[in-house]
Amino acid sequence: MGNKKKVIHPIDPVYDCNSEILILGSFPSVKSRQYGFFYGHPQNRFWKVLSSVCCEALPDSIDDKKDMLLRHHIALWDVIASCEITGSADSSIQNAVPNDIMKIIRCSKITKIYTNGKTADKLYRKYLEKVTGITSVCLPSTSPANAAWSLERLLQKWEQLFQ
C-alpha cells in the first residue's frame, strides 16, 4: 500500500433545479481526479451502465456526460468532501469530512438518493442520512473492483433508477 494522504474532492457536483435523483459515490479515484470528472477510470462501468439505463449512446466528453445526467434529471456527486486515502482504495478512507449535500437538495426536486456501492452507502448513512432525511438505496458498485457483478447484472439492478 502507498502512503495515505489528505485529499480534497476536486470535482464540482452536477445538478440543476430539475434534478430529481441524486447518485452518490464515495470519493473520486486517482484516475477520476486526474481526468477531472466522475468515474474517469476507463474500466469503471458507471457511464456504460447509466447510458444504457437512460437508453442513450455512451457519452464521450465531460460535457456530454453532464448533458446526459441533466436531461434525465440526475444529480451526481460524492459523499466525501475530503479524507485521508491511500490511492483509490475506499477501504482506506479515514478522517472523512462529508460534502454539503443539502446545497443540492435545497435547490432541486431530489426525492431519491442512490449510492454507488456499499462504501458510499455506509458513508452516506453515517454522515448524511440524518441531515437529508432521505433513506438511500444502495446499488451495486460499478467499480472494476466489483468484478463479481457482470455488466448485465449491474444493468438489471441499476434500471430501478427510473422505476
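**Close-up views of a predicted protein chain**

**Figure 1. The whole chain and its surface.** The protein chain exposes about 8300 Å², and carbon and sulfur atoms supply 50% of that; the areas come from the Shrake-Rupley method with a 1.4 Å probe, and for residues only the protein chains shown count as cover. This is a predicted model, where local features need pLDDT of at least 70 and side-chain atom pairs count only at pLDDT 80 or more, while totals for chains, interfaces and linings use all residues. Residues are numbered from 1 along each chain as its sequence is written, and side-chain values use heavy atoms, with hydrogens and water left out. Of the 163 residues, 48% count as buried (buried is under 20% relative accessible area, exposed over 50%, partly exposed in between, with a 1.4 Å probe and protein chains only).

**Figure 2. The fold as a C-alpha trace.** There are seven helices and seven strands in the protein chain, counted as DSSP runs (H or I, at least four residues, for helices; E, at least two, for strands) and numbered from the N terminus. In sequence order the pattern reads β-β-α-α-α-β-β-β-α-β-α-α-β-α. The trace spans about 40 × 35 × 30 Å along its principal axes. A compact globule of 163 residues would have a radius of gyration near 15 Å, and the protein chain agrees with its 15 Å; the radius is taken over C-alpha atoms, and the globule rule is 2.2 Å times the number of residues to the power 0.38. Among contacts (heavy atoms within 4.5 Å) with a separation of 6 or more, 66% come from residues 24 or more positions apart.

Figure 3. Helix 7 covers residues 151-158, and its buried residues are Leu 154, Leu 155 and Trp 158. Seen down the helix axis, these fall within an arc of 100°, so they line one face of helix 7; the arc is that of the directions from the helix axis to the C-beta atoms. An α-helix has 3.6 residues a turn, so residues three or four places apart point the same way. Glu 152 and Gln 156 are exposed, on the face turned away from the buried side. Cover for the buried residues of helix 7 includes strand 2 (21-25), helix 2 (46-53), strand 6 (112-116) and strand 7 (136-139).

Figure 4. Most residues other than glycine have a negative phi, and most peptide bonds are trans. Look for Cys 55 in the loop between helix 2 and helix 3 (62-71), where it is exposed at 72% relative accessible area. Asn 95 also has a positive phi, near 50°. This residue sits in strand 5 (residues 94-98) and is exposed, with a relative accessible area of 54%.

**Figure 5. Val 30 and its partners.** Val 30 belongs to helix 1 (residues 30-35) and counts as partly exposed at 29% relative accessibility. Leaving out residues up to four places away in sequence, Val 30 touches Gly 87 and Ser 88. Tyr 15 is 15 residues from Val 30 in sequence, and their C-alpha atoms are 23 Å apart.

**Figure 6. Cys 107 in its loop.** Cys 107 lies in the loop between helix 4 (102-106) and strand 6, partly exposed at 37% relative accessible area. Not counting residues up to four places away in sequence, Cys 107 touches Tyr 15, Asp 16 and Cys 17. Ile 85 is 22 residues from Cys 107 along the chain, with 31 Å between their C-alpha atoms.
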